[in-house]
Amino acid sequence: MSLDGKVAVVTGAALGIGKAMTEILLQNGAKVALLDVNETAGKSLCEALMKQYGQEKTLFLSCDIQSEEQTKAALKKTSEVFGGIDILCNNAGILNENTWEKTVSINLMGVIRSTYLALEHMNKLNGGRGGVIVNTASMAGLGPLPSCPVYTATKHGVVGFTRAMAAASSASGYGIRVNAVCPSFVQTELFANILDKLGQFSHLADATKGMVEKFGTLSVSQVAECLLELVTDETKNGEALVVTPQMKKYMTFVNTIQ
Ligand SMILES: NC(=O)c1ccc[n+]([C@@H]2O[C@H](COP(=O)([O-])OP(=O)(O)OC[C@H]3O[C@@H](n4cnc5c(N)ncnc54)[C@H](O)[C@@H]3O)[C@@H](O)[C@H]2O)c1
């Protein structure tokens with residue numbers, strides 16, 4: 001799939017992985033709406049991107065994906081300004097075992113909410129053009145991060161939602177592929193603050209540091225390259241692409257219910 005002229009929405013676009021995803025989509029010819037709660041960082045990134053790629057290529061929309069109203073409004077605005085939506089990157093996420101309900105609300109409910117609202121614009125059965133959704137899960141979506149049970153649960157939820165939505169979309173004729181990227185640790189603010197966010201599991205900080213030493217860290221651009229692959233390769237649907245500094249591979253799952 002060529003990205004020329006395609007319209008993408010990236011949540012959590014102001015910083016970290018979302019910023020790198022936004023940049024790779026722009027570099028490949030897409031128009032990108034940046035959705036984020038961080039207005040200062042989002043606006044300043046958007047201004048810089050407008051200078052580099054052109055005024056008409058990008059747009060910042062202040063949006064907390066926990067809010068149905070804000071998310072709906074941001075997607076509507078994107079569709080009005082750019083003329084439809086082809087790509088949704090559900091990337092916004094937090095890691096905080098203290099505020100675990102908020103972690104569930106953003107990481108899992110936010111992904112589901114944005115997906116369902118975006119279907120209204122993308123679904124071929126509703127007059128949309130179809131397209132692709134890529135969810136930023138994590139390696140913690142495939143195996144446990146012991147110091148972060150709730151983060152682990154949300155990311156397992158994202159992987160499950162991705163796979164079931166992909167199957168539901170193809171069985172229903174929505175014309176939308178749905179994939180997940182599952183990175184190990186990535187050099188971002190979220191990563192830099194992990195050890196302060198472990199809550200009742202802060203005694204497991206050393207074990208977490210040990211895992212970081214074992215795996216090493218990815219750059220945001222390595223994750224953005226995976227996004228590009230999942231967006232452009234039209235054979236990929238329902239996939240979980242694992243990426244670590246050592247390897248990149250598509251997960252194979254034991255299918256117990258089909
Ligand atoms: N950094 C890692 O080690 C790592 C590894 C695997 C997966 N991930 C996942 O990657 C995604 C991006 O994380 P990151 O490391 O770039 O984090 P980050 O903290 O650097 O950036 C996250 C961005 O999301 C935004 N955001 C947070 N809550 C939001 C909300 N409610 N609505 C809209 N925007 C919101 C923030 O303002 C920020 O701009 C997350 O889903 C995270 O779980 C990160």
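Helix 3 (residues 68–82) has 15 residues, and at 1.5 Å a residue it should span 21 Å; its end C-alpha atoms are 21 Å apart, so the two agree. The expected span here is 1.5 Å times one less than the number of residues. Helices are DSSP runs of H or I with at least four residues, strands are E runs of at least two, and both are numbered from the N terminus. Keep in mind that this is a predicted model: local features need pLDDT of at least 70, side-chain atom pairs count only at pLDDT 80 or more, and totals for chains, interfaces and linings use all residues. Residue numbers start from 1 along each chain as its sequence is written.

**Helix 3, inside and out**

- Thr71, Ala74, Leu75, Thr78 and Phe82 are the buried residues to look at in helix 3. They cover an arc of only 95° around the axis, so they sit on the same side of helix 3; the arc is taken from the directions running from the helix axis to the C-beta atoms.
- "Buried" means 20 or more other C-beta atoms within 10 Å of a residue's own, "exposed" means 12 or fewer, and "partly exposed" is in between, with C-beta atoms placed from the backbone.
- On the face turned away from that buried side, helix 3 carries exposed Glu68, Glu69 and Glu80.
- The cover over the buried residues of helix 3 includes strand 1 (7–11), strand 2 (31–36), strand 3 (58–62) and helix 4.
- Just after helix 3 comes glycine 83, with a positive phi of about 80°.

**Helix 5**

- The same check works for helix 5 (residues 149–172): its 24 residues should span 34 Å at 1.5 Å a residue, and its end C-alpha atoms are 34 Å apart, which agrees.
- Glycine 173 follows helix 5 and has a positive phi, near 75°.

**The nonpolar core**

- The largest nonpolar core has 77 residues, and Val9, Leu34, Val181, Val223 and Leu227 have the most contacts inside it. Such a core is a set of buried Ala, Val, Leu, Ile, Met, Phe, Trp, Tyr and Cys residues joined through C-beta atoms within 7 Å.
- In soluble globular proteins, nonpolar side chains tend to be buried together.
- Leucine 227 sits in helix 8 (residues 220–232) and counts as buried because 27 other C-beta atoms lie within 10 Å.
- Not counting residues up to four places away in sequence, leucine 227 touches Met21, Ile24, Cys89, Val134 and Val181; a contact needs C-beta atoms, placed from the backbone, within 7 Å.
- Valine 181, leaving aside neighbours within four places in sequence, has contacts including Val134, Val223, Leu227 and Val243.

**Around the ligand**

- There are 29 residues around the ligand, of which Gly12, Gly16, Gly93, Thr188 and Leu190 come nearest. A residue is near a molecule or strand if its C-beta atom, placed from the backbone, lies within 6 Å of it.
- Helix 1 (16–27), helix 4 (100–122) and helix 6 (189–192) each supply at least two residues of this shell.
- The shell divides into 14 nonpolar, twelve polar and three charged residues. Ala, Val, Leu, Ile, Met, Phe, Trp, Tyr, Cys and Pro count as nonpolar, Asp, Glu, Lys and Arg as charged, and the others, Gly among them, as polar.

- Isoleucine 112 is in helix 4 and is partly exposed, because it has 16 C-beta neighbours inside 10 Å.
- Lysine 124 lies in the loop between helix 4 and strand 5 (131–136), touching Gly130, Gly173, Tyr174 and Gly175 when residues up to four places away in sequence are not counted.

Terms used:
Two residues are in contact if their C-beta atoms, placed from the backbone, lie within 7 Å.
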